[in-house]
Amino acid sequence: MTSSASFDTLESLQADIIELFDRLPTLNNRQYIQQALATIIRLGSSDIDRLDWKILSSALADMERGFELFYNYRHVRKITIFGSARLSSATPEYQMAMEFARNVSQMGFMVMTGGGGGIMQAGHEGAGRENSFGLNIQLPFEQQANPIIEGDPKLINFKYFFTRKLFLLKESDAVALFPGGFGTQDEAFECMTLSQTGKFGPVPLVLIDHPGGDYWRAWSEYIDKQLVQKGLVSPEDPSLYTVTDNLEVAYDAIRRFYKVYHSSRYVSNQLIIRLSCELSDAEVERLNDEFSDILVKGKIEKTQALPQEGQDETLELPRLILNFNQRDLGRLYQMISTINSMGTPSQEEIDHPERK
């Protein structure tokens, strides 16, 4: 099928639509393709503004580029690095970001940044061009792709912040935040909000200061004083993230998160937690003893892949199934930490936390 850029005439568009409809019964994801087409048809029959159509068209083009790029890297875990675009290479934060990216890439992870300067360039400099993705934003000022990632096929220039952030988080298996301005604060709070509401993750979130620095420590103290103590977030919500000024602590938080826990998804209203190794009956019973408060009903149980997971690439992995209340995400992160202290993962799993 031709790309969207080639729809320069009504005839070519019509031919592509006819081809798609001919192939639709054989496509794996036909249900969702039908839903997307039905949405476009309904909008085409309604009265919305020209600007609305421009937003929809540009957002779809952004997502097309992102989906096509990341599909080929879906089996490698990626770490997104956020931080200031204004910090120079002489700052300790820049040097730490570069060292962090170099070491996590040596662990097998790939690195994603917003593609600009400062901490973003440090991430690419540390990881190297071959291990880097740049998700740049088109702005009339300030934001140009850094020289490390410029011209690389793994650089995407997004029109909209919301589509760019969608991919920075959707494709992330860990997030590292270094000091930054309004944008970094926005990214930090959005990561927390989406994690707290179950719309992102679970993934490890590490907030990294230079040794002796207090940027994230002061931020964490604010969270405790103004949010936790006043009952505006749950006491367990700080379990969503790790604040440190020690890179070894950051590496360990990421490695440990994927020691036994592999990934998760919902099937209907039940949470399925995929594991790299099976837990014993006694270990599952311990989880029930310690985390029954997050269950709507029933117990945490061992299971194999469910019939609804027929196209899942992790079919062979052991699983836990539970009726999670979808509210106490801080407690869920605590349970994942407990799971990671259990089981007996193979040495290969321990050595390669980056494999999906």
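Modeller: Helices (H or I, at least four residues) and strands (E, at least two) are DSSP runs, numbered from the N terminus. This is a predicted model, in which local features need pLDDT of at least 70 and side-chain atom pairs count only at pLDDT 80 or more, while totals for chains, interfaces and linings use all residues. Residues are numbered from 1 along each chain as its sequence is written, and side-chain values use heavy atoms, with hydrogens and water left out.

Colleague: In which loop does P202 lie?

Modeller: A cis peptide bond joins P202 to G201, with omega about 5°. The loop that holds P202 is the one between helix 7 (182–196) and strand 6 (205–208).

Colleague: What radius of gyration does the protein have?

Modeller: The C-alpha atoms fill a box of roughly 65 × 55 × 45 Å along the principal axes. The radius of gyration is taken over C-alpha atoms, and the globule rule is 2.2 Å times the number of residues to the power 0.38. For 356 residues a compact globule would have a value near 21 Å, which agrees with that of the protein, 22 Å.

Colleague: What percentage of the 356 residues is buried?

Modeller: Buried means under 20% relative accessible area, exposed over 50%, and partly exposed in between (1.4 Å probe, protein chains only). By this criterion, the buried share of the 356 residues is 45%.

Colleague: Is A176 buried or exposed?

Modeller: A176 is placed in strand 5 (residues 174–177). Leaving aside neighbours within four places in sequence, A176 is in contact (heavy atoms within 4.5 Å) with I79, T80, I81, F82, F100, V206 and I208. F82 is 94 residues away along the chain, yet its C-alpha atom is separated from that of A176 by 6.3 Å. Because the relative accessibility of A176 is 0%, this residue counts as buried.

Colleague: Why do the buried residues of helix 10 line one face?

Modeller: In helix 10 (residues 281–291), the buried positions are V284, L287, N288 and F291. Seen down the helix axis they line one face, because they fall within an arc of 100°, the arc being that of the directions from the helix axis to the C-beta atoms. An α-helix has 3.6 residues a turn, so residues three or four places apart point the same way. The value that answers the question for helix 10 is thus an arc of 100°.

Colleague: Which exposed residues does the face of helix 10 turned away from its buried side carry?

Modeller: The cover over the buried residues of helix 10 includes strand 10 (301–303), strand 11 (319–322) and helix 11 (329–339). On the face turned away from that buried side, the exposed residues are A282 and D289.

Colleague: What is the C-alpha to C-alpha distance between A282 and I339?

Modeller: A282 has a relative accessibility of 59% and therefore counts as exposed. In sequence, A282 and I339 are 57 residues apart, and in space their C-alpha separation is 12 Å.

Colleague: Is S268 buried or exposed?

Modeller: S268 is found in the loop between strand 8 (261–267) and strand 9 (270–275). Its phi is near 60°, a positive value in a residue other than glycine. With 66% relative accessibility, S268 counts as exposed.

Colleague: What relative accessible area does Q326 have?

Modeller: Q326 sits in the loop between strand 11 and helix 11, and phi of Q326 is near 60°, a positive value in a residue other than glycine. Q326 is partly exposed, its relative accessible area being 39%.
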